[in-house]
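This briefing goes through one protein structure by topic. Keep the sequence and the 3D view open while reading.

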Amino acid sequence: LQVVRDQISHCTVKLRQTTGLMEYCLEVIKENDPSGFLQISDALIRRVHLTEDQWGKGTLTPRMTTDFDLNLDNAPLLQSIHQLDFVQMKVSSPVPAPPILQLEECCTHNNSATLSWKQPPLSTVQVEGYILELDDGNGGQFREVYVGKETMCTVDGLHFNSTYSARVKAFNKSGVSPYSKTLVLQTSEDTQSEEQTLPFPVPLERSQLRRMSPFSSTLNLQPSFSGRSYFELRSSAHQLSLHSSLQSLNSAGELSTSGVASLVFAWFSFDPSSAHADIIFSNDNLTVTCNSYDDRVVLGKTGFSKGLHYWELSIDRYDNHPDPAFGVARIDVLKDAMLGKDDKAWAMYVDNNRSWFMHNNSHTNRTEGGITKGATVGVLLDLTRRTLTFSINEDQQGPVAFENLEGLFFPAVSLNRNVQVRAGSG
């Protein structure tokens, strides 16, 4: 390495000298006085030829080869290995005690679950971290969803209308503690007994959870507040209007609402934490616009992974014929481009005359009919049939837009400063 460094230094000096000569030659060429040029040109030409002849002679030839003759003497190492003697060391400290789930701080909201835990009050054993496990919502195997030092974790993207079991354990250098008691959390429940007192739309405030007794090794939690973001409405005007919307989107008979006893509503607002910085929020994050002429993306707070979901977006302002886009996206979709430019979004973009479907920057199914101020865009995400369908003013826009959808999808919109969109019922 030292030889190579010396050669690099030598080549650097040589390059600096040659570069200086080239710059001097360029200045001489600019000489306006012919007699002055002739006085120095002959000597300068000889100097250039000399430098050219010497360039590369020994300078650029590597002084070291890539072949190294190395001899490894492993005798001392083998002797040390043969002299090793293993003894069993005593454990310096015991494993931690099982953590305690703090029921008053555990809750569900939409398809997210927040869990909180702590060490037993009298425990003095040092804890390095915790491992939180959830099952699959169908009584299947537990899987790790969090490993770290925090004592609270929110798990997003769960299935709606599902019951999840959760447990946590602690660990340190000595080992892993036993599991805590298993906690059962429900992302949906039947609130038929509370339907007559529910306001519409339902407020999103959270209240304390009440404990169900008697307790056993499995602790059941049920929310005691009426404003939960996922519930059933039966025999209501809102249910009937939504049924009409679903039927209008499926006039060909692909979706039948006959025999449906109830609908479950999943409320969401737009999410400032994941949106592009140019997005402007108002109306409790239900209305969005943008302060840029470029397209910017904003997502809903709630992701869907199964079931049938329909929501509407009202066009509150529409200036200069922009092309807003509506649809669904992954959480890591591009935020500084039109929705559908990458493979993380499935969208319909529309102007005042026509619309297109777009995914992975591929445009398909141009359809006549656009939007104006006051128009309503409907999005029907059917994760049972794995399809996505759009409507404008309750009339289906084009054919089924996308098929074979699978995974976790968030409501998504892209818009610029010429558009203002408001999330409606859904």
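The points below cover the chain as a whole, then selected residues and the aromatic rings.

The model is predicted. Its protein chain has four helices and 26 strands. Of the 426 residues in the chain, 43% are buried.

**Whole chain**

- Among contacts in the protein chain with a separation of 6 or more, 64% are between residues 24 or more positions apart.
- The accessible surface of the protein chain is about 24100 Å², and carbon and sulfur atoms contribute 51% of that area.

- Helix H1 spans residues 2-29 and includes valine 4.
- Valine 4 has a relative accessible area of 38%, so it is classed as partly exposed.
- Valine 4 is also one of the residues in a nonpolar surface patch, together with Val3, Ile8, Met64, Phe68 and Leu70.

**Tryptophan 55**

- Tryptophan 55 sits in the loop that runs between helix H2 (34-54) and helix H3 (75-82).
- Because its relative accessible area is 36%, tryptophan 55 counts as partly exposed.
- Setting aside residues up to four places away in sequence, tryptophan 55 touches Lys14, Leu15, Thr18 and Leu60.

**Aromatic rings**

- The whole structure contains 10 aromatic pairs.
- One of them joins phenylalanine 268 and tryptophan 311, with an edge-to-face arrangement; the centres are 5.9 Å apart and the planes are at 90 degrees.
- This pair links distant parts of the chain, 43 residues apart: phenylalanine 268 is in the loop between strand S13 (263-266) and strand S14 (279-282), and tryptophan 311 is in strand S17.
- Both phenylalanine 268 and tryptophan 311 are buried.
- The two residues also belong to a cluster linked by ring pairs, which includes Phe160 and Phe304 as well.

**Lysine 301**

- Lysine 301 is in the loop between strand S16 (296-299) and strand S17 (308-318).
- With a relative accessible area of 47%, lysine 301 falls in the partly exposed class; the cut-off for exposed is over 50%.
- Beyond its neighbours within four places in sequence, lysine 301 is in contact with Ser269, Phe270, Asp271, Pro272 and Phe410.
- Phenylalanine 410 is 109 residues from lysine 301 along the chain, yet their C-alpha atoms are separated by 7.3 Å.

**Serine 355**

- Serine 355 is part of strand S20, which covers residues 354-359.
- Serine 355 is counted as buried because its relative accessibility is 0%, and the class takes in values under 20%.
- The side chain of serine 355 makes a polar contact of 3.0 Å with the side chain of glutamine 397.
- Leaving out residues up to four places away in sequence, serine 355 touches Met348, Tyr349, Val350, Asn365, Arg366, Thr367, Gly369 and Gln397.

Terms used: Residues numbered from 1 in each chain as written. Predicted model: local features only at pLDDT ≥ 70, side-chain atom pairs only at ≥ 80, totals over all residues. Heavy atoms only, no water. Helix = DSSP H or I, 4+ residues; strand = E, 2+ residues; numbered from the N terminus. Buried < 20%, exposed > 50% of the residue type's maximum accessible area, 1.4 Å probe, protein only. Contact = heavy atoms within 4.5 Å. Areas by Shrake-Rupley, 256 points an atom, 1.4 Å probe, with all protein chains shown as cover. Patch = residues over 30% accessible without salt bridge, like charges linked within 9 Å, V, L, I, M, F, W, Y side chains within 5 Å. Salt bridge = Lys/Arg side-chain N within 4 Å of Asp/Glu carboxyl O. Polar contact = N/O pair within 3.5 Å; in protein donor to acceptor, adjacent residues only side chain to side chain. Phe/Tyr/Trp six-rings, centres within 6.5 Å; stacked < 30°, edge-to-face > 60°.
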